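Thank you all for coming; I would like to walk you through one chain today.

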Amino acid sequence: MEAPRPRAPYLTYALLSGAAALLTLTAAVLPRHRQAPPPPPQRPVSPALVPLPRAQQGPQVDVVFVLDTTGSMSGLLEGAKRKIWEIARYIAQGQPTPDLRVGLVAYRDLGDDYVTKVFDLTDDLDAVYQDLSAFNAAGGGDTPEHVARALHDAVYRVAWSPGKNTLRIIYLVGDAPPHTDYKDGYDYRAIAQQAGERGIRVNTIRCGQDPDTERTWREIAARAHGEFATIDQAGGVVDVHTPYDDELARLNGQLSATALAYGSAERRRVVYEKARAAA
């Protein structure tokens, strides 16, 4: 059995120790018949005033997933959800551990229940998973969707981290090309170009095999310095069920109940409530 890997500490504190400084006096500059005066006493320094070494910080990573939730995605939506969650988990497991925040933008088309639903960036991946799981496919009708509005909201309605060292990524996931006949001021080409200029990379993931979607998805990725990929009807993930799933879920619930939360009182309360709900 492989030995468990040690977890690197998030904060490193140095042990503070003091030592008396040795003061050297030059006898040549002092009269021989006078004894050199004792050095002035050193004032003790409070440990609270001694700066501690800064904790090692992981990279800041902001990721927004833009997902088509129209009726044409009904056979693809679950696979797309799994692919989105797989990407989020992969990023979160990076070394050093990144300071990861995830946002969601669900989109449909004009005349549907909504055109976009925006969930701002958060480091609460449990909340992200719940919001993602609640998405369902409905609406649409014609093949194109309002992709340009979704991209605009991902670029401009999300509170991206301002630091220069932040990695900012959008994943556009869908099976249909954008509408280009709407006269509402949203232009997917211009928005993709602006995203690249703002340091936001747009990666595009086509669901299914529509050639028009591939063409526009490649164009969007190229304008925003991203990459293009395709996933199949199952989202590229094989879901295997075993006779042990129920027992593993029960044990996982018991293990989660032993977790110790950290952070503010409000943060700990939220974690404990989620643990009770999952038990």
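Which residues have the most contacts inside the largest nonpolar core? Before I answer, please keep in mind that this is a predicted model, in which local features need pLDDT of at least 70 and side-chain atom pairs count only at pLDDT 80 or more, while totals for chains, interfaces and linings use all residues. Residues are numbered from 1 along each chain as its sequence is written, and side-chain values use heavy atoms, with hydrogens and water left out.

The residues in question are V63, F65, L67, Y171, V173 and C207, and the core they belong to has 26 residues. By a nonpolar core I mean a set of buried Ala, Val, Leu, Ile, Met, Phe, Trp, Tyr and Cys residues joined through side-chain atoms within 4.5 Å, where buried stands for under 20% relative accessible area, exposed for over 50% and partly exposed for what lies in between, with a 1.4 Å probe and protein chains only. At least two residues of this core come from each of β1 (60-68), α1 (77-92), β2 (99-107), α2 (125-133), β4 (167-174) and β5 (200-207), and α1 gives the most, with six. Apart from this core lies another, of 24 residues, including V64 and I191.

Y171 deserves a look of its own: leaving aside residues up to four places away in sequence, Y171 touches V63, V64, F65, V66, I87, N203 and I205, a contact being heavy atoms within 4.5 Å.

Let me turn to the elements. The chain holds seven helices and six strands, which are DSSP runs numbered from the N terminus, helices being H or I of at least four residues and strands E of at least two. The six strands form an open sheet in the order β3-β2-β1-β4-β5-β6, with mixed pairing; strands count as paired if DSSP finds at least two bridges between them. Because β3 (116-122) and β6 (228-231) stand at the edges with a single partner strand each, one side of each has no neighbour in the sheet. β5 and β6 run parallel and are joined by four bridges, and T204 has F228 in β6 as its bridge partner.

Lying across β1, β2, β4, β5 and β6 is α1, which runs at about 175° to β1; such angles run from 0 to 180 degrees between N-to-C directions, with axes fitted to C-alpha atoms, for helices over the stretch in contact.
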